[in-house]
Amino acid sequence: MAIESLDKLTFTIKQVAELTGITEDTIRYYEKISLLPRAERKENGHRVYRKEDLDTIRLVNCLKKTGMPLDEMRPFLKVSIDADPGEYPELVEQMVQHRANIVEQIASLQQVVDFIDLKLAQGKYRSSDCEVESGNGNRADGKKDATQSKPLSTAELRYFSAAPSESGH
(Lines give C-alpha, C1' and ligand atoms only; values in the text may rest on other atoms or scores of the structure.)
Protein backbone atom coordinates (compact mmCIF):
# COMPACT_ATOMS: atom_id res chain seq x y z
CA MET A 1 0.00 0.00 0.00
CA ALA A 2 2.81 2.43 0.80
CA ILE A 3 5.22 3.91 -1.71
CA GLU A 4 8.91 3.02 -1.34
CA SER A 5 11.00 6.17 -1.65
CA LEU A 6 14.67 6.58 -0.79
CA ASP A 7 14.53 3.47 1.41
CA LYS A 8 11.78 5.05 3.53
CA LEU A 9 8.17 4.02 3.64
CA THR A 10 5.92 6.86 2.51
CA PHE A 11 2.19 7.29 2.09
CA THR A 12 -0.10 9.42 -0.03
CA ILE A 13 -2.76 11.56 1.64
CA LYS A 14 -5.38 9.09 0.41
CA GLN A 15 -3.53 6.20 2.06
CA VAL A 16 -3.12 8.18 5.29
CA ALA A 17 -6.85 8.92 5.30
CA GLU A 18 -7.66 5.23 4.84
CA LEU A 19 -5.19 4.11 7.51
CA THR A 20 -6.23 6.66 10.13
CA GLY A 21 -9.94 7.13 9.44
CA ILE A 22 -9.37 10.90 9.12
CA THR A 23 -10.58 12.55 5.92
CA GLU A 24 -8.14 14.10 3.48
CA ASP A 25 -9.77 17.49 4.06
CA THR A 26 -9.28 17.17 7.82
CA ILE A 27 -5.62 16.23 7.36
CA ARG A 28 -5.13 19.31 5.15
CA TYR A 29 -6.93 21.43 7.77
CA TYR A 30 -4.69 20.12 10.56
CA GLU A 31 -1.68 21.09 8.46
CA LYS A 32 -3.17 24.53 7.73
CA ILE A 33 -3.62 25.31 11.45
CA SER A 34 -0.16 23.84 12.19
CA LEU A 35 -1.49 21.03 14.33
CA LEU A 36 0.45 18.74 12.01
CA PRO A 37 3.78 19.67 10.45
CA ARG A 38 3.62 20.66 6.81
CA ALA A 39 3.88 17.49 4.74
CA GLU A 40 6.82 16.94 2.47
CA ARG A 41 5.99 17.23 -1.21
CA LYS A 42 6.96 15.22 -4.26
CA GLU A 43 8.12 16.99 -7.40
CA ASN A 44 4.53 17.02 -8.66
CA GLY A 45 3.37 18.81 -5.47
CA HIS A 46 1.57 15.82 -3.92
CA ARG A 47 1.93 15.38 -0.19
CA VAL A 48 4.14 12.60 1.17
CA TYR A 49 3.69 11.22 4.68
CA ARG A 50 5.88 8.97 6.81
CA LYS A 51 5.04 6.56 9.62
CA GLU A 52 5.75 9.29 12.20
CA ASP A 53 3.09 11.46 10.54
CA LEU A 54 0.57 8.61 10.81
CA ASP A 55 1.42 8.21 14.50
CA THR A 56 0.86 11.94 15.09
CA ILE A 57 -2.46 11.88 13.24
CA ARG A 58 -3.55 8.87 15.29
CA LEU A 59 -2.62 10.71 18.50
CA VAL A 60 -4.66 13.73 17.40
CA ASN A 61 -7.57 11.40 16.68
CA CYS A 62 -7.30 9.78 20.13
CA LEU A 63 -7.15 13.14 21.91
CA LYS A 64 -10.04 14.40 19.80
CA LYS A 65 -12.15 11.41 20.90
CA THR A 66 -11.61 12.50 24.51
CA GLY A 67 -13.18 15.85 23.65
CA MET A 68 -9.93 17.77 23.98
CA PRO A 69 -9.96 21.00 21.97
CA LEU A 70 -7.43 21.14 19.12
CA ASP A 71 -5.50 24.04 20.69
CA GLU A 72 -5.01 22.08 23.91
CA MET A 73 -3.48 19.17 21.95
CA ARG A 74 -0.50 21.17 20.70
CA PRO A 75 1.75 20.65 23.76
CA PHE A 76 1.12 16.89 23.70
CA LEU A 77 2.11 16.69 20.03
CA LYS A 78 5.45 18.43 20.71
CA VAL A 79 6.53 15.83 23.26
CA SER A 80 8.41 12.76 22.05
CA ILE A 81 6.50 9.49 22.17
CA ASP A 82 9.28 8.02 24.32
CA ALA A 83 9.36 10.95 26.78
CA ASP A 84 9.01 10.40 30.50
CA PRO A 85 5.74 12.00 31.71
CA GLY A 86 7.59 13.03 34.89
CA GLU A 87 9.55 15.50 32.79
CA TYR A 88 6.32 17.28 31.83
CA PRO A 89 4.31 17.85 35.02
CA GLU A 90 2.26 20.59 33.35
CA LEU A 91 1.05 18.11 30.71
CA VAL A 92 0.27 15.52 33.36
CA GLU A 93 -1.77 18.14 35.25
CA GLN A 94 -3.56 19.15 32.04
CA MET A 95 -4.48 15.51 31.37
CA VAL A 96 -5.63 15.05 34.99
CA GLN A 97 -7.88 18.12 34.64
CA HIS A 98 -9.19 16.91 31.29
CA ARG A 99 -9.98 13.53 32.87
CA ALA A 100 -11.80 15.24 35.76
CA ASN A 101 -13.91 17.21 33.27
CA ILE A 102 -14.86 14.00 31.48
CA VAL A 103 -15.77 12.28 34.77
CA GLU A 104 -17.97 15.29 35.60
CA GLN A 105 -19.65 15.03 32.19
CA ILE A 106 -20.28 11.32 32.75
CA ALA A 107 -21.89 12.05 36.15
CA SER A 108 -24.07 14.71 34.56
CA LEU A 109 -25.13 12.34 31.78
CA GLN A 110 -25.87 9.65 34.37
CA GLN A 111 -28.26 12.08 36.08
CA VAL A 112 -30.00 12.56 32.73
CA VAL A 113 -30.28 8.78 32.26
CA ASP A 114 -31.63 8.42 35.82
CA PHE A 115 -34.22 11.13 35.14
CA ILE A 116 -35.31 9.42 31.91
CA ASP A 117 -35.54 6.05 33.68
CA LEU A 118 -37.64 7.64 36.43
CA LYS A 119 -39.98 9.29 33.93
CA LEU A 120 -40.36 6.04 32.01
CA ALA A 121 -41.13 4.14 35.21
CA GLN A 122 -43.63 6.74 36.43
CA GLY A 123 -45.19 7.47 33.07
CA LYS A 124 -45.32 11.17 33.98
CA TYR A 125 -43.64 13.84 31.93
CA ARG A 126 -43.79 17.25 33.61
CA SER A 127 -41.16 19.91 33.05
CA SER A 128 -41.40 20.93 36.72
CA ASP A 129 -39.72 17.62 37.60
CA CYS A 130 -36.53 18.71 35.87
CA GLU A 131 -34.84 21.61 37.62
CA VAL A 132 -31.56 21.88 35.77
CA GLU A 133 -28.80 23.88 37.42
CA SER A 134 -26.60 26.22 35.48
CA GLY A 135 -22.90 26.38 36.27
CA ASN A 136 -23.38 29.31 38.69
CA GLY A 137 -25.72 27.57 41.14
CA ASN A 138 -28.89 29.01 39.66
CA ARG A 139 -31.74 26.88 38.46
CA ALA A 140 -32.89 27.08 34.85
CA ASP A 141 -35.96 29.03 36.01
CA GLY A 142 -33.67 31.78 37.39
CA LYS A 143 -34.22 30.96 41.09
CA LYS A 144 -31.25 30.55 43.38
CA ASP A 145 -30.86 27.07 44.87
CA ALA A 146 -30.80 26.95 48.65
CA THR A 147 -28.51 23.92 48.60
CA GLN A 148 -25.82 22.83 46.19
CA SER A 149 -26.65 19.12 46.48
CA LYS A 150 -26.79 17.00 43.37
CA PRO A 151 -30.11 15.51 42.27
CA LEU A 152 -30.89 12.09 43.69
CA SER A 153 -30.39 9.04 41.50
CA THR A 154 -33.32 6.75 40.71
CA ALA A 155 -32.11 4.32 43.37
CA GLU A 156 -31.90 7.11 45.94
CA LEU A 157 -35.34 8.38 44.97
CA ARG A 158 -36.79 4.92 45.54
CA TYR A 159 -35.00 4.63 48.87
CA PHE A 160 -36.33 7.96 50.09
CA SER A 161 -39.83 7.21 48.81
CA ALA A 162 -39.75 10.11 46.36
CA ALA A 163 -40.68 7.64 43.65
CA PRO A 164 -43.01 4.68 43.84
CA SER A 165 -41.19 1.60 45.02
CA GLU A 166 -41.08 -1.43 42.82
CA SER A 167 -43.05 -3.42 45.40
CA GLY A 168 -45.94 -0.92 45.17
CA HIS A 169 -45.73 0.24 48.85
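Helix 1 passes helix 3 in a right-handed crossing, and this is one of the helix pairings described below for what is a predicted model. The secondary structure of the chain comprises six helices and four strands, which follow one another along the sequence in the pattern β-β-α-α-β-β-α-α-α-α.

**Helix 1 and helix 3**

- Helix 1 spans residues 13-20 and helix 3 spans residues 51-65, and their axes come within 10 Å of each other while crossing at roughly 45 degrees.
- On the side of helix 1 the contact is made by Val-16, Leu-19 and Thr-20, while helix 3 contributes Leu-54, Ile-57, Arg-58 and Asn-61.

**Helix 3 and helix 4**

- The axes of helix 3 and helix 4, the latter formed by residues 70-78, come within 11 Å and cross at roughly 140 degrees.
- Helix 3 and helix 4 are therefore oblique to each other, since an angle has to be over 145 degrees to count as roughly antiparallel.
- The crossing of helix 3 and helix 4 is right-handed.
- Helix 3 takes part in this contact through Thr-56, Leu-59, Val-60, Leu-63 and Lys-64, and helix 4 through Met-73, Phe-76 and Leu-77.
- The residues that make the contact of helix 3 with helix 4 divide into six nonpolar, one polar and one charged.

**Val-79 in its loop**

- Val-79 lies in the loop between helix 4 and helix 5, where helix 5 covers residues 89-122.
- With a relative accessible area of 21%, Val-79 is partly exposed, because only a value under 20% would count as buried.
- Leaving aside residues up to four places away in sequence, Val-79 touches Tyr-88 and Leu-91.
- Val-79 and Leu-91 are twelve residues apart along the chain, and their C-alpha atoms are separated by 9.5 Å.

**The chain as a whole**

- The chain has 169 residues, of which 23% are buried.
- Among the contacts in the chain with a separation of 6 or more, 42% are accounted for by residues 24 or more positions apart.
- The chain exposes about 12300 Å², and carbon and sulfur atoms supply 55% of that area.

Definitions and conventions:
Residues numbered from 1 in each chain as written. Predicted model: local features only at pLDDT ≥ 70, side-chain atom pairs only at ≥ 80, totals over all residues. Heavy atoms only, no water. Axes fitted to C-alpha atoms, helices over the stretch in contact; angles between N-to-C directions. Helix = DSSP H or I, 4+ residues; strand = E, 2+ residues; numbered from the N terminus. Left-handed = near helix turned anticlockwise from the far one by under 90°. Contact = heavy atoms within 4.5 Å. Buried < 20%, exposed > 50% of the residue type's maximum accessible area, 1.4 Å probe, protein only. Areas by Shrake-Rupley, 256 points an atom, 1.4 Å probe, with all protein chains shown as cover. Parallel < 35°, antiparallel > 145°, perpendicular 65-115°, else oblique. Nonpolar A, V, L, I, M, F, W, Y, C, P; charged D, E, K, R; others polar.
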